Amino acid sequence: MNTEKLLELKNITLSYDGDKILDNVSLYIRDKEFVTLLGPSGCGKTTTLRIIGGFSFADEGDVLFEGKRINDLPAYQRPINTVFQRYALFPHLNVYDNVAFGLKLKKLDKKEIDQRVRKMLEIVNLKGFERRRITKLSGGQQQRVAIARALVNHPKILLLDEPLGALDLKLRKEMQIELKNIQRELGITFIYVTHDQEEALTMSDIIVVMKDGEIQQIGTPQDIYNEPKNAFVADFIGESNIFDGTMIHDRLVSFAGQEFDCVDEGFGENQPVDVVIRPEDLVLTAPGQGLVSGEVTSVIFKGVHYEIIVRANGLDWMIQTTRSANVGDRVGITLTPDDIHIMNRIFKPFESTLQGKVVGENRISFMGVEFEREDLNLPEGTPVTLTIGPDDISIVSIDHSDLTVYLESMVYKGAYNEMIVWAKDEDGVYQSLLIHSMNDEQIATDIGIKFDFDRIRIAVQEEG
Amino acid sequence: MLKKLASTPYVLWMAIFVVVPLGMMIYFAFTTADGSFTLDNMLQIGKYTSIFLKSINLAVIATLICFLLAFPAGYLLSRMKTRRQNMMLLLIMLPMWMNFLLRTYAWMTLLENEGLINHFLELLGIGPLSMINTQGAVVLGMVYNFLPFMILPLYSVMAKIDPSLFEAAADLGCNPMLSIWKVLIPLSRPGIISGITMVFVPSVSTFIISRMLGGGQNMLIGDLIEKQFIGSSYNPYTGSAMSLVLMVLMILVMAAIGSFEDDEMEGIVV
């Protein structure tokens, strides 16, 4: 593969109405690669694509094309074409004229235009549809016209913004294969945006996983699947068991109340980590013969395999296996050290710490919330550090909450959902809080939280 | 059955107030005072060719100016945020809620030789200009009164255009001017046609604007027809003939404009 960088984004930052949409995004794309920007909605992947296309402009950072800075080059001068999310076909033109639109602007010879348009319509399987009205086409056909309209210009890069999102599953699978074939055949660089991890794994040479305007990981589909960089990536790509663990020292990790050998190094000693195990790596054994033992709580047949949930050591272990089991069976689970993947935690400590202040006799205020604590005996104005355990915060409706927060991420940790929420403190700075909850909430939305004030630990801050 | 019954009042209404008067107009156009058939009424219209031409000329100029003003206005309006859009729409429609005569009178006092504008110009050492009782004043009156009827249909068509179409045009190599020519204008065509209709038709047949702002020298078809029915030269037969010719003329013009709207537009929500 060509090692030359065709397109490069350098430290791209973009804010809209005070919200950071993209935060220091850097990546490069080589010629003829199929690159996918993958992430949940609102992660900034479409904005990244729009910056490459010239439809949005970064506040900071550079866009380089073949080494030249093209930040201020308008869309119509870029050698890049786009397949838009809802196709954006011209309703006043027929199929042929839609596809010929770009070539006619280039003032090419009529015969050449005709040749290229017909050939492209053949490639996307729309021969004979030349005179058809756009509104008379099915979703899949419109999709193909949009692809043909972009590709006929022989762009250096083709941008595709969730192009298969509106199609049904079967058509989608067909188009995935077709798109990949077209890309290989024409040797054009594709930058593809999707929130569908399966689509990304199927089609891409390189996947860029994004969340909240930041790149989480860049790698081949195999890298991303086998060596996810953090629990978010692991959770987003494929199914995973993700547990809270502590790295005791190199090659030894403790989780689920036990110690396990592993192959990871360099996480330090007695450090909180995330432990990720893919469900297809876990093996069912007779009870007592595995590393842990438990009881089957759920069995779902998935076609090729069974998805079995085993409750062991207080955690839910998801296992994918071709062997069936019955709910209530006692079983053992075994795994090898290289099945355990250790990752840095997104929220490093196991508890949240916040800054507060004494505001009256036995009263403390933090982030606009006030509470009483008996026998505090601290003078007014004393700065204090508050430590709040993840189980001491509960999720309630916003109307009954102490604080409204933004749910930034949610990962199932075998016994609870680990949530990271953001809230603005009195200085307008975002602070993160860690919550363990049985609730399932929609990420990237506001939720209400309530504190168990009696369990908050208070320490007087050292004068510094 | 019920459908048929429910439509009866409308059918009756149309018959009494549209079909019957139309029939009467055609009847009068081809009869003399004693009720016998004649083509004289029609033939007499030849005398007024210059007035017909002037009316059409001024109406075409007013329509063109309205279009040139309304097209960018409609576009900008359609791309505004909803709240601002509603505000601006209100401001555009507000003058229409004031009495038509009152508005035109206001222009009279503004344009007069001793009017406000001339007073102001005097302060600057220019003028006085004679503005009232000119063709320009008549066109101004038409543009002022009928401009909203051009803006509103353009705006409502443009507001329905998917903004990603402009991005697609830019993506395929259109600079902003080409985007207007290749995407905005073709997709606005239904609005352009109804805007032109809604400005041209009242402009060509107006009589009050020309009388108030044009003085005696700028008589238009509307004034001419009015004279046949009200005043000393009472002659409903010639008046009907003129109305008939005007109607046929307008139908021809509309048909000509409409023919630009070929079947390629099919399927667009108007």
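1. Let me start with the end of helix H11 in chain B. Just after H11(B), Gly231(B) takes a positive phi of about 110°. Keep in mind that everything here comes from a predicted model, so that angle is a property of the prediction rather than of an experiment.

2. Staying with H11(B), which runs over residues 221–229: which of its residues are buried? They are Ile221(B), Gly222(B) and Leu224(B). These residues sit on the same side of H11(B), because the arc they cover around the axis is only 165°. As for what lies over them, the cover includes four helices of chain B, namely H3 (49–78), H9, H10 (208–214) and H12 (236–258).

3. Now chain A as a whole. Its secondary structure comes to eight helices and 30 strands. The C-alpha atoms fill a box of roughly 90 × 60 × 40 Å along the principal axes. Of its 464 residues, 37% count as buried. Among contacts in chain A with a separation of 6 or more, 65% are between residues 24 or more positions apart.

4. Chain A is divided into domain 1 (5–231), domain 2 (232–344) and domain 3 (352–460).

5. S1(A), residues 5–16, pairs with S2(A), residues 19–30, in the antiparallel sense over eight bridges. One of the facing pairs is Ser15(A) opposite Lys20(A) in S2(A). The two strands form a hairpin with two residues between them, and Asp17(A) in the turn has a positive phi of about 55°. S1(A) also pairs with S4(A), residues 60–65, again in the antiparallel sense, over five bridges. Here Lys10(A) stands opposite Asp62(A) in S4(A). In general terms, strands of a sheet pair through backbone hydrogen bonds, either parallel or antiparallel.

6. Two backbone angles in chain A deserve a look. Asn11(A) has a positive phi of about 50° although it is not a glycine, and this residue is found in strand S1 of chain A. Is Asn11(A) buried or partly exposed? Asn11(A) counts as partly exposed because it has 13 C-beta neighbours inside 10 Å, where a buried residue would need 20 or more. The other case is His154(A), whose phi is near 50°, also a positive value in a residue other than glycine. His154(A) is placed in the loop between helix H4 (139–151) and strand S7 (157–161) of chain A. With 14 C-beta neighbours inside 10 Å, His154(A) counts as partly exposed.

7. Last, a sheet in chain A. This open sheet has five strands in the order S13-S12-S11-S14-S20, with antiparallel pairing. Which strands stand at its edges? They are S13 (258–261) and S20 (341–344); each has a single partner strand, so one side of each is left without a neighbour in the sheet. Neighbouring strands of this sheet are turned by 45° against each other on average, direction ignored. Within the sheet, S11(A), residues 241–249, and S14(A), residues 271–277, pair in the antiparallel sense over seven bridges. One bridge to check by eye is that of Gly245(A), whose partner in S14(A) is Val273(A).

Terms used. Residues are numbered from 1 along each chain as its sequence is written. Chains are lettered from A and ligands numbered from 1 in the order in which they are written. This is a predicted model: local features need pLDDT of at least 70, side-chain atom pairs count only at pLDDT 80 or more; totals for chains, interfaces and linings use all residues. A residue is buried if 20 or more other C-beta atoms lie within 10 Å of its own, exposed if 12 or fewer, and partly exposed in between; C-beta atoms are placed from the backbone. Two residues are in contact if their C-beta atoms, placed from the backbone, lie within 7 Å. Domain bounds come from an automatic or database domain assignment. Two strands pair if DSSP finds at least two bridges between them. The arc is that of the directions from the helix axis to the C-beta atoms. Axes are lines fitted to C-alpha atoms, for helices over the stretch in contact, and angles run from 0 to 180 degrees between N-to-C directions.
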